[in-house]
Amino acid sequence: MNGSFRIGRIFGIPIYINLSFLFILLLFVWVFSVGDEVLGVRIGFLNLDAGAEVRYLFGGATAVVFFATILAHELAHSYVAIRYGVKIRHITLMIFGGVASMEEIPSKPGQELKMAIAGPLTSLVIGIISYLMMIVVGGLGSSSVEVEGIEILLGIVGFYNILLAGFNMLPAFPMDGGRVLRSFLATRMSHVEATKKAVAVAKGMAIAMVVFGVLAGFQPFLIIIAVFVYIMAKEEERATVITANLEGVTVRQVMADVVQVVHPDTSVQQLMDVMLTTRSKGYPVVDNGLVGMVTLSDTNKVPKNEAHLRKVRDIMTVDVVTAAPELPAAEAIKIMAQRDISRLPVVDFSGRLVGIVTKKDFLKMVEIVEARKKVSVWGRPGWDQFQQRPPAPPPPQT
Ligand SMILES: [Zn+2]
């Protein structure tokens, strides 16, 4: 991810810090340093009988410990996921806490439930232990600033971890509670139905949060979180609907089998002329088989006055990700999302280019399948008409 740097590796998972996280870290140092108390619990160092520099030092230490506990929350999710064979690519600490990037989230209800609940449970346990430690330290009866500071630190870490556990158990995507709700619903209906219901709950909660945020004297932070919840819930629904509607569909059924290709010795100028006439933004580069991919953004590598001198081979991507025609469409979409690419050349077992598929092709397919489900009297339509499609002709060469 852009603006992130790596700080280490735990359970074999690389841990990254996003620059946005440093901003929130500083914000928390400030909040802890000037904080007073809530419901009789000291959640800041304001009343610590010491100079400002000591209070800020304690504020900083508390912020670091608190974010270590957020990391523990993410690691708990990841640990359970790894046990179910899910690959975790990385964990990134960013503005809204931590995010674990997983190859796929298990769709078996029981597995998702255990994975989702592991995080809040960890936060709750950390919160309770911190409170107990705070009581023990407070019972020492020491009047030194250091001991009192540690007592407050434990209180803050305990308070925010319990708050974090509670907040994450709200039954709204993308919070863990949303996943818990979805997996609970999925035991009595399909995964897609369960997702749609859970998303509806999340949207309702987001709207309620905005109303409450406005009525309670305009709470900007609450409104930002509500918007975030709303967007993420919709995104979750979209992803699930796509995967479900592409069940049983292979890349061959979605791809375009007539492919405009270019030769590596084509000039960049000629390439741009081809783009103008065919209105596509990316082409497979073919010279006795696929040798690369070239896209509109690649042409920016060449100054416009040199476009007639430079060749496609100078600007093309050589390390090309391809798909086999038999690859399930849902898999292909996943690959495209992970690698952040918008088109995949389709290559058969003999290495021959047989087609090309874009994100748009998949979305079009999803739209058609959705619409067809609604008109079909017989329920879910079969894929027989696709299976009867003749094999793709060889691509035209230029
Ligand atoms: Zn979580």
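I started at the kink: α3 bends by about 30° at A118, shortly before the proline P120. The bend at a residue is the angle between axes fitted to the seven residues ending there and the seven starting there. Helices (H or I, at least four residues) and strands (E, at least two) are DSSP runs, numbered from the N terminus.

I noted the ground rules. This is a predicted model, where local features need pLDDT of at least 70 and side-chain atom pairs count only at pLDDT 80 or more, while totals for chains, interfaces and linings use all residues. Residues are numbered from 1 along each chain as its sequence is written.

Next I looked up the span of α3. The helix covers residues 109-138, 30 residues in total. From first C-alpha to last it reaches 44 Å, close to the 44 Å expected at 1.5 Å a residue. The expected span is 1.5 Å times one less than the number of residues.

Then I checked the partners of α3. Two packed helices are described by the angle between their axes and the distance between the axes. Axes are lines fitted to C-alpha atoms, for helices over the stretch in contact, and angles run from 0 to 180 degrees between N-to-C directions.

α3 packs on α4 at about 155°, with the axes 7 Å apart. That makes the pair roughly antiparallel (under 35 degrees is roughly parallel, over 145 roughly antiparallel, 65 to 115 roughly perpendicular, the rest oblique). On the α3 side the contact includes G119, P120, S123 and L124. On the α4 side it includes V147, I150, E151 and L154. Contact means C-beta atoms, placed from the backbone, within 7 Å.

α5 (residues 176-186) came next. α3 and α5 also pack at about 155°, with axes 8 Å apart. They are therefore roughly antiparallel. Among the contact residues are P109, E112 and L113 of α3, and D176, R179 and V180 of α5. I found G119 and P120 listed here as well.

I picked out E146 in α4 (residues 145-168). E146 counts as exposed because it has 11 C-beta neighbours inside 10 Å. The cut-offs are 20 or more other C-beta atoms within 10 Å for buried, 12 or fewer for exposed, and partly exposed in between, with C-beta atoms placed from the backbone. Its C-alpha lies 9.5 Å from that of V54, 92 residues away along the chain.

Last, I logged the whole chain. It has 13 helices and 10 strands. Of its 398 residues, 33% count as buried.

Key
Contact = placed C-beta atoms within 7 Å.
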